[in-house]
Amino acid sequence: MEFYGIKLNKGGFAQCPFHADDSPSFKVYDDGFYCFGCLEHGDVIDFVSKLFGLDAKEAAEKLAADFGIGDISFCPVKPVQLEKSEDEKNRERLNESWAVLCDYLHLLWDWKNQYLPDRKDENWHPLFCEALQNTDRVDYLLDCIWDCQASEAPALLEQIGGEIDRYRTRIEQERGSEIHGRK
Ligand SMILES: [Zn+2]
């Protein structure tokens with residue numbers, strides 16, 4: 001507060017800027033001020049807002065401008081976005097893989113119902129075959145992701161990445177052929 005003309009004596013008191021103070025009765029603490037004369041008190045933002053007739057936001061801005069600092073809760077500047085950690089990136093990739101597998105699994109379920117053969121001797125629809133072939137595998141991969149610890153994530157992602165990409169492509173193909181109408 002010295003910056004704003006508050007000079008403390010040896011006892012840590014100063015002349016109060018808010019009343020005619022003959023004997024220093026203005027005390028500064030780590031987290032604010034208190035005047036034993038006029039009972040004015042508050043934190044550093046209150047001090048600046050009273051001294052200069054500003055509202056709290058303006059006072060915070062003035063403090064930030066004068067000192068290059070500001071209480072973060074008053075500071076109008078957005079806090080800097082921290083770099084994402086490796087764990088967070090892996091977690092995101094696992095979530096993304098999970099979503100692809102779920103989408104694909106739903107397709108497989110649909111195909112199983114939609115293309116269920118009428119009779120045993122009929123030629124099975126290729127999508128029904130694909131569903132039979134891949135359902136267990138996709139279930140298994142979902143289990144792997146579900147059980148995956150942060151420390152195991154890089155190895156798992158490395159292991160299943162190619163497979164997930166294939167399923168993603170497969171889903172896109174299917175959505176495309178649904179839009180254009182399957183014969
Ligand atoms: Zn005072």
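In strand E2, Phe-26 is the bridge partner of Ala-14. The model is predicted, so local features need pLDDT of at least 70 and side-chain atom pairs count only at pLDDT 80 or more, while totals for chains, interfaces and linings use all residues. Residues are numbered from 1 along each chain as its sequence is written, and side-chain values use heavy atoms, without hydrogens and water.

Strand E1 and strand E2 (residues 26-29) run antiparallel and are joined by two bridges; strands pair if DSSP finds at least two bridges between them. Strands here are DSSP runs of E with at least two residues, and helices are runs of H or I with at least four, numbered from the N terminus. The open sheet has four strands in the order E1-E2-E3-E4, with antiparallel pairing. Strands E1 (13-14) and E4 (41-42) each have a single partner strand, so one side of each lacks a neighbour in the sheet.

The zinc ion is coordinated by four residues at 2.0 to 2.3 Å. Donors are N, O and S atoms within 2.8 Å of the metal (3.2 Å for Na, K and Ca); water is not among the atoms, so sites may look incomplete. Along the chain, the donors follow the spacing C-x2-H-x15-C-x2-C.

| Residue | Donor atom |
|---|---|
| Cys-16 | SG |
| His-19 | ND1 |
| Cys-35 | SG |
| Cys-38 | SG |

Cys-16 counts as buried because its relative accessibility is 6%, whereas His-19, at 25%, counts as partly exposed. Buried means under 20% relative accessible area, exposed over 50%, and partly exposed in between (1.4 Å probe, protein chains only). In helix H3, the buried residues include Asn-90, Leu-94 and Trp-111.
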